[in-house]
Amino acid sequence: MADIDLAIIGGTGVYRLASLEGSEAVQGDTPYGAPSGPVRVGRLAGRRVAFLARHGEGHSLPPHRVNYRANLWQLKALGAQRVLAINTVGGITERFGPRVLALPDQLIDYTWGRASSFWDGEGGEVLHVDFGDPYTPSLRQAVREAAARSGTALVDGGCYGATQGPRLETRAEIARMLRDGCDLVGMTGMPEAGLARELGLDYACLAVVANWAAGCGDDAEITLAEVLANVEAASVGLPRLLDALLG
Ligand code: HPA
């Protein structure tokens, strides 16, 4: 199969890429088990693009049950070298209010108990990859330039805190994350980014802010309806941004 120019992993509220033309579904298996669902491979802006819904196309997988290893393995096996991850998040600091699209440059991992490496020590092999810059600078730059070219508002930078979920956080947990330096909170950023690095893939996170995190903003209860409505509104600029990124 010819190489894929860009793989996109869709998060909560992003289950299909409407602009993906002539797509075929690849239902794969990997040494790590089955991916979240079919990878849809088609053309976007004249390029070969693969799309995978992280939680499954019917959103049946909670963040701690996603087989992150299988997902990334499968995308690489199909020939992808660059992965743009779309992650729905809560906003903690002022610049990251609901409906913002953000391109974080750092992360802190608060998840636990997830299969977080391809190098589990089996066969006596151990690997420690460099992860000082968890998101690939050249891909971040390409996304930034595409946003500018397409007139898509994008907040550049910020620290993504990855929590275990599936419940949302307490106010005290968010207050601690703020002290730690987090700007955004989501449940799916890790181990995905670390696994991509282990596979040598370029990887960047496009975070879609769905709500103020607990205790931030207006203190209202966070509802799924609010999350989905804000993701839909924030995603309006996505097709233009992707066209510019691929063009
Ligand atoms: N916390 C964690 N994950 C999220 C949130 C949140 O507030 N909103 C969307 N995903």
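The side chains of Asp-5 and Arg-47 form a salt bridge, with N and O 3.6 Å apart; a salt bridge here is a side-chain nitrogen of Lys or Arg within 4 Å of a carboxyl oxygen of Asp or Glu. This is a predicted model, in which local features need pLDDT of at least 70 and side-chain atom pairs count only at pLDDT 80 or more, while totals for chains, interfaces and linings use all residues. Residues are numbered from 1 along each chain as its sequence is written, and side-chain values use heavy atoms, leaving out hydrogens and water.

Reader: Which residues are linked with Asp-5 in a network of salt bridges?

Author: Asp-5 forms a salt bridge with Arg-82, whose closest N and O atoms are 3.3 Å apart. The network of salt bridges links Asp-5 with Arg-47 and Arg-82.

Reader: Is Arg-140 buried or exposed?

Author: Arg-140 is found in helix α2, residues 137–150 (helices are DSSP runs of H or I, at least four residues). Because its relative accessible area is 9%, and buried means under 20%, exposed over 50% and partly exposed in between, with a 1.4 Å probe and protein chains only, Arg-140 counts as buried.

Reader: With which residue does the side chain of Arg-140 meet in a salt bridge?

Author: The partner lies in strand β8, residues 155–156, so the pair ties together parts that are 16 residues apart in sequence. The N to O distance is 2.7 Å, and the partner is Asp-156.

How values were computed
Helix = DSSP H or I, 4+ residues; strand = E, 2+ residues; numbered from the N terminus.
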